[in-house]
Amino acid sequence: YSSRLSSVIDVSLNNGNKNKHEAVADLGIISSGLSLNGPIVKDKLSYSVSARRTYADLIMFPVQRFMNRNDIQQNNTALWYYDIFGKIHWQVNEKNEVKFSAYNGGDQLTFSSELLLRDNDATVESTVGALGWRNNLIGLQWNSILSNRAMLSLHSSYSGYQVSFSDEYSFSQIGEYYSNQAAYVNGLKEMRNSIDFDFFINSRNHLQTGIGWVNYNFIPLERKYTTVNGFGTSDT
């Protein structure tokens, strides 16, 4: 890839089988996944979908409840991630193909703590926090073989990345309640359109050219604070 200042990882999804349906399950200690693919229109149109998720949080939840059974303070932590892929491939004819791809994935960490005091005021003090990443992508591509020496490719895509953090503290007693919450979000959105042209002049010379348009939307930092007490709610 010309004009790139760093390494580029080119990741593409396999085309679905255009003759028969297939299913593959991947079972692991940390995560498991399932892949499905097959024909929509035989020999012409196919689909391919796959999904994966960790389940350590589901296993640890009853373990944490057992460890907290005799404590006045209940602590819980959960960490998990997931990935979902999808692709539709249309072989229009021998020289033209269309690909539509989509991806959504995320990582999530949540943690909570609740302190319940056995006093006359029924005092409860709790904290809840979360840290999450989300990625998504939608892309459409058309490849056309113009001749035995020339090839044209059109590409349009949208991708986004976002990280968010939230933290809430609350305190309650009989007739009294107080809560303070803070949330932070930042991320990046990209829209890309391009036309690429390849021409093989001879066995030793290959011409690559094209034109493209890219729009970036940066979200450096968005912050929100919310306070709730006996006098009402305040947002900033």
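Me: Where does Asp43 sit?
Reply: In a loop. Asp43 lies between strand S2 (31-41) and strand S3 (45-54). This is a predicted model, by the way.

Me: What is phi of Asp43 near?
Reply: Near 70°. That is a positive value, and Asp43 is not a glycine. Most residues other than glycine have a negative phi.

Me: Which residue touches Asp43?
Reply: Lys18 is one of them. Lys18 also touches Pro39, Lys42, Lys44, Leu45, Ser46, His89 and Gln91, with residues up to four places away in sequence not counted.

Me: Where is Lys18 in the chain?
Reply: In the segment before S1.

Me: Is Lys18 buried or exposed?
Reply: Buried. Its relative accessibility is 15%, and the cut-off for buried is under 20%, so Lys18 qualifies.

Me: What does the Lys18 side chain make a polar contact with?
Reply: The side chain of His89, at 2.6 Å. The side chain of Glu97 also makes a polar contact with the side chain of His89, at 2.7 Å.

Me: OK, Glu97 then. Which strand is Glu97 in?
Reply: Strand S5, residues 96-116.

Me: Buried or exposed for Glu97?
Reply: Buried, at 19% relative accessible area. The limit is under 20%, so Glu97 still counts as buried.

Me: What does Glu97 touch?
Reply: His89, Trp90, Gln91, Val92, Gln141, Trp142 and Asn143. Residues up to four places away in sequence are left out of that list.

Me: Which backbone nitrogen lies 2.9 Å from a polar atom of the Asn37 side chain?
Reply: The backbone nitrogen of Asn17.

Me: And which residues is Asn37 in contact with?
Reply: Gly16, Asn17, Lys20, His21, Glu22, Tyr47 and Ser48, leaving aside neighbours within four places in sequence.

Me: Next, Arg52. Which strand?
Reply: Strand S3. Arg52 is partly exposed, with a relative accessible area of 37%.

Me: Which side chain does a 2.3 Å polar contact join to Arg52?
Reply: That of Asp83. Asp83 is also among the contacts of Arg52 beyond four places in sequence, along with Ser31, Ser32, Gly33, Tyr81 and Tyr82.

Me: How many Å separate Arg52 and Tyr184 in space?
Reply: 27 Å, C-alpha to C-alpha. They are 132 residues apart in sequence.

Me: Now Gln73. Where does Gln73 lie?
Reply: In strand S4. At 34% relative accessibility, Gln73 counts as partly exposed.

Me: Which side chain makes a polar contact with that of Gln73?
Reply: The side chain of Asn75, at 3.2 Å. Outside four places in sequence, Gln73 is in contact with Asn68, Ser113, Glu114 and Leu115.

Me: How many residues line the second largest pocket, and which lie nearest its centre?
Reply: 17 residues line the pocket. Leu34, Ser35, Ser50, Ala51 and Phe85 lie nearest the centre.

Me: How do the lining residues divide into nonpolar, polar and charged?
Reply: 8 nonpolar, 6 polar and 3 charged.

Me: Zooming out. How many helices and strands in the chain?
Reply: 1 helix and 10 strands. From the N terminus the order is β-β-β-α-β-β-β-β-β-β-β.

Me: What radius of gyration does the chain have?
Reply: 26 Å. A compact globule of 236 residues would be near 18 Å. The C-alpha trace spans about 90 × 40 × 30 Å along its principal axes.

Me: What percentage of the residues is buried?
Reply: 22% of the 236 residues.

Me: Last one. Among contacts between residues at least 6 apart in sequence, what percentage joins residues at least 24 apart?
Reply: 57%.

Technical notes:
Residues numbered from 1 in each chain as written. Predicted model: local features only at pLDDT ≥ 70, side-chain atom pairs only at ≥ 80, totals over all residues. Heavy atoms only, no water. Helix = DSSP H or I, 4+ residues; strand = E, 2+ residues; numbered from the N terminus. Buried < 20%, exposed > 50% of the residue type's maximum accessible area, 1.4 Å probe, protein only. Polar contact = N/O pair within 3.5 Å; in protein donor to acceptor, adjacent residues only side chain to side chain. Contact = heavy atoms within 4.5 Å. 1 Å grid on protein atoms, 1.4 Å probe; cavity = no way out; pocket = protein on both sides within 12 Å on 5 of 7 lines; lining within 4 Å. Nonpolar A, V, L, I, M, F, W, Y, C, P; charged D, E, K, R; others polar. Rg over C-alpha atoms; globule rule 2.2 N^0.38 Å.
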